[in-house]
Amino acid sequence: MKSRLGARSPSRAPRLLLLALAAAVFAATQCAATPDPVPEARTTIRILNGRVIGVGDGDSLTLLVDREPIRVRLAQIDAPESDQPYGNDAKVALSTLAFRKQARVEVVDIDRYGRSVGEVFIDGIDVNRTMVREGHAWAYTRYSHTTDFVELENGARAASKGLWALPESQREPPWLWRHTPRAPHPDPGPLACGTRTRCSEMANCEEARFYFERCGVHTLDGNGDGTPCESLCE
């Protein structure tokens, strides 16, 4: 009996080794079949909730968040400058949508002026897209990451809405207008308070600041950040 048991015992070791190898192969197969975790989707930098206390022009506003004024630039759109045809109309349109209302801003970037760049939502309305859809602003394709703004702009063009009702000669994109040299305003001479109330009537930033600080023309600071006529003073 002892010789028979002794003859069987060596054969158990290979079987155990085979079983261990099979288990290892199975475990490795299971690990390989498990997919890598899906990376989290990119999120916005932050969410701002507050009351709109100022509108600078057709694509910028000031939001009061926890008693702190925060300047906001509407993402993916570019409205006419204040001294450009339709500039004041665009500002009025944004004021109608946003001024003194509670807003939610999904911030996607910070621009070189320190403004929070984002998409603005008020009472369920997408303000950025509404401004383009109604012809109050261009789709800012240079900084756009979707095609729907261009489609909205095309629809406004076709319907001659807003700025698209202007003569073609007056529809210069604001990103070109800002970099087009223009004839300087005549020298106003010694600064003195007068009847000027709009940035387009100011010869330069010095005059704008004089009217704002000395003459009390606070309409020159549309977004309430303390800087008058940002197109001249930035």
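Modeller: Let's begin with surface: accessible areas come from the Shrake-Rupley method with a 1.4 Å probe, and for residues only the protein chains shown count as cover. For this protein the accessible surface comes to about 14,600 Å², and 55% of that belongs to carbon and sulfur atoms. Bear in mind that this is a predicted model, where local features need pLDDT of at least 70 and side-chain atom pairs count only at pLDDT 80 or more, while totals for chains, interfaces and linings use all residues. Residues are numbered from 1 along each chain as its sequence is written, and side-chain values use heavy atoms, with hydrogens and water left out.

Colleague: What is the mean pLDDT of the protein?

Modeller: pLDDT is the predictor's confidence in each residue, from 0 to 100. Its mean here is 82, and 76% of the residues reach 70 or more.

Colleague: How many helices and strands does the protein have?

Modeller: There are 7 helices and 8 strands. These are DSSP runs numbered from the N terminus: helices are H or I with at least four residues, strands are E with at least two.

Colleague: Why is Asp66 called exposed?

Modeller: Buried means under 20% relative accessible area, exposed over 50%, and partly exposed in between (1.4 Å probe, protein chains only). Asp66 has 75% relative accessibility, so it counts as exposed. It sits in the loop between β2 (60-65) and β3 (68-74), and its phi is near 50 degrees, a positive value in a residue other than glycine.

Colleague: And Tyr86, is it buried or exposed?

Modeller: Buried, because its relative accessible area is 14%. Tyr86 is in the loop between β4 (77-78) and α2 (87-98). Its phi is positive too, about 75 degrees, although Tyr86 is not a glycine.

Colleague: How do you know that the buried residues of α4 line one face of the helix?

Modeller: In α4 (residues 148-158), the buried ones are Phe149, Leu152, Glu153 and Ala156. Seen down the axis of α4, they fall within an arc of 100 degrees, so they line one face. That arc is taken over the directions from the helix axis to the C-beta atoms. On the other side of α4, Glu151 and Ala158 are exposed. The cover over the buried residues includes β4, α3 (127-133) and β8 (138-139).

Colleague: What makes the pair of Trp138 and Trp175 edge-to-face?

Modeller: Rings of Phe, Tyr and Trp (its six-membered ring) pair if their centres lie within 6.5 Å; planes under 30 degrees apart count as stacked, over 60 as edge-to-face and the rest as tilted. The structure holds 5 aromatic pairs. For Trp138 and Trp175 the centres are 6.4 Å apart and the planes are at 75 degrees, so the pair is edge-to-face. It links distant parts of the chain, with Trp138 in strand β8 and Trp175 in helix α5 (residues 174-177), 37 residues apart. Trp138 counts as buried because its relative accessibility is 3%, whereas Trp175, at 26%, is partly exposed.

Colleague: Which residues form the aromatic cluster?

Modeller: Trp138, Tyr140, Tyr143, Trp164 and Trp175 form one cluster.

Colleague: Why is the link of Cys199 and Cys229 called a left-handed disulfide?

Modeller: A disulfide is a pair of cysteine sulfur atoms within 2.5 Å. The sulfur atoms of Cys199 and Cys229 are 2.2 Å apart. The torsion about their S-S bond is about -95 degrees, so the disulfide is left-handed. Cys199 lies in the loop between α5 and α6 and Cys229 in the loop between α6 and α7, so the pair ties together parts that are 30 residues apart in sequence. Cys199 is buried because its relative accessible area is 16%, and Cys229 is buried at 3%.

Colleague: How many disulfides does the count come to?

Modeller: The count is 2 disulfides. Cys193 is joined to Cys215, S to S 2.0 Å, and that link is left-handed as well, with -95 degrees about the S-S bond. Cys193 counts as partly exposed because its relative accessibility is 49%, and Cys215, at 24%, is also partly exposed.

Definitions and conventions. Contact means heavy atoms within 4.5 Å.
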